[in-house]
Amino acid sequence: MEREAFQAVVLTLFPEMFPGPLGVSLAGKALQDGLWRLESVDIRGFARDKHRTVDDSPFGGGAGMVMRPDVLDAAIKASRLNGTPLIYPTPRGRLLDQARVRELAAGPGVTVICGRYEGVDQRLLEAHGVEEVSLGDFILSGGEIAALAMLDAVVRLLPGVVGKTESLDEESFETGLLEYPHYTRPDPWNGVEVPEVLKSGHHAKVKAWRQTQAEEVTKARRPDLWDRYVKRKT
Ligand code: ADE
């Protein structure tokens, strides 16, 4: 049986930020072709009072505002797709990696809560078993850009989105190593020649050179990935 298109639901105070960059290039073409679907839901539409309040000051004091649990709860109940993970991008989350991206792409879809201000009331996160996910050790001004980045990573893995499957298999993280460097014409350029081995036509030598390059760059830049790679091999 053919599977339903991957469905992303994004709860946000800025629905005009979607599809944004996901509406162009690879993801945009796939969206047009119906390989995935995107619904952005305006959280403010679920505010009950006449001022349409979505946030309030934090108990215990401190700077900033906190997103109200009751408003988000109503938005989630009205929009969440059954059986899809509910994800909240936040610097407090577990680091997103390619393994989790692959799992998400294999599933029916995701529902994403985009936070603004200081964040979301903790009770809401617990009540819905929300998965907190971080893109890295830096602070964005809201969850929208993190949601766009995460969805981009997921959508490109959906069947039919990227043409040649081999262009996915050799990438960084799929092999456990960072990728080897790439070269194209002109040669020479800027006084620098393309490495001789890549022009040799010797497939096995090219493969070996790329492997060595990938290992060297990983050792130098990402000792954490290198350790894992070595342990996996032994
Ligand atoms: N929201 C704000 N900063 C973030 C980050 N680094 N990762 C995910 N979501 C975020």
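A residue is counted as near a molecule if one of its heavy atoms lies within 4 Å of it. By this criterion, the residues around the ligand are Pro-89, Thr-90, Pro-91, Val-133, Ser-134, Leu-135, Gly-136, Phe-138, Ile-139, Leu-140, Gly-142 and Ala-146. The model is a predicted one, in which local features need pLDDT of at least 70 and side-chain atom pairs count only at pLDDT 80 or more, whereas totals for chains, interfaces and linings use all residues. Residues are numbered from 1 along each chain as its sequence is written, and side-chain values use heavy atoms, with hydrogens and water left out.

The shell around the ligand divides into 8 nonpolar residues, 4 polar residues and no charged ones, where Ala, Val, Leu, Ile, Met, Phe, Trp, Tyr, Cys and Pro count as nonpolar, Asp, Glu, Lys and Arg as charged, and the others, Gly among them, as polar. Strand E5 (86-95) and strand E8 (131-134) each supply at least two residues of this shell, and E5 gives the most, with 3 residues; strands (E, at least two residues) and helices (H or I, at least four) are DSSP runs numbered from the N terminus.

A polar backbone atom of Gly-136 is 3.2 Å from a nitrogen atom of the ligand, and for a polar backbone atom of Leu-140 the corresponding distance to a ligand nitrogen is 3.0 Å. Taken alone, the ligand exposes 260 Å², of which the protein buries 96%, with accessible areas computed by the Shrake-Rupley method with a 1.4 Å probe.

The ligand sits in the second largest pocket, in the sense that more than half of its atoms lie within 2 Å of the grid points of that pocket. A pocket is here an open set of points on a 1 Å grid over the protein atoms alone, where a 1.4 Å probe fits, with protein on both sides within 12 Å along at least five of seven lines, and lining residues have an atom within 4 Å of a point. The largest pocket holds about 600 Å³ of space, a volume being the space filled by probe spheres set on the points. Among the 19 residues that line the largest pocket, Leu-96, Asp-97, Gln-98, Phe-173 and Leu-225 are the closest to its centre. Helix H3 (98-106), helix H5 (143-155) and helix H8 (223-233) each give two or more residues to this lining, which divides into 11 nonpolar, 3 polar and 5 charged residues.

Key: Polar contact = N/O pair within 3.5 Å; in protein donor to acceptor, adjacent residues only side chain to side chain.
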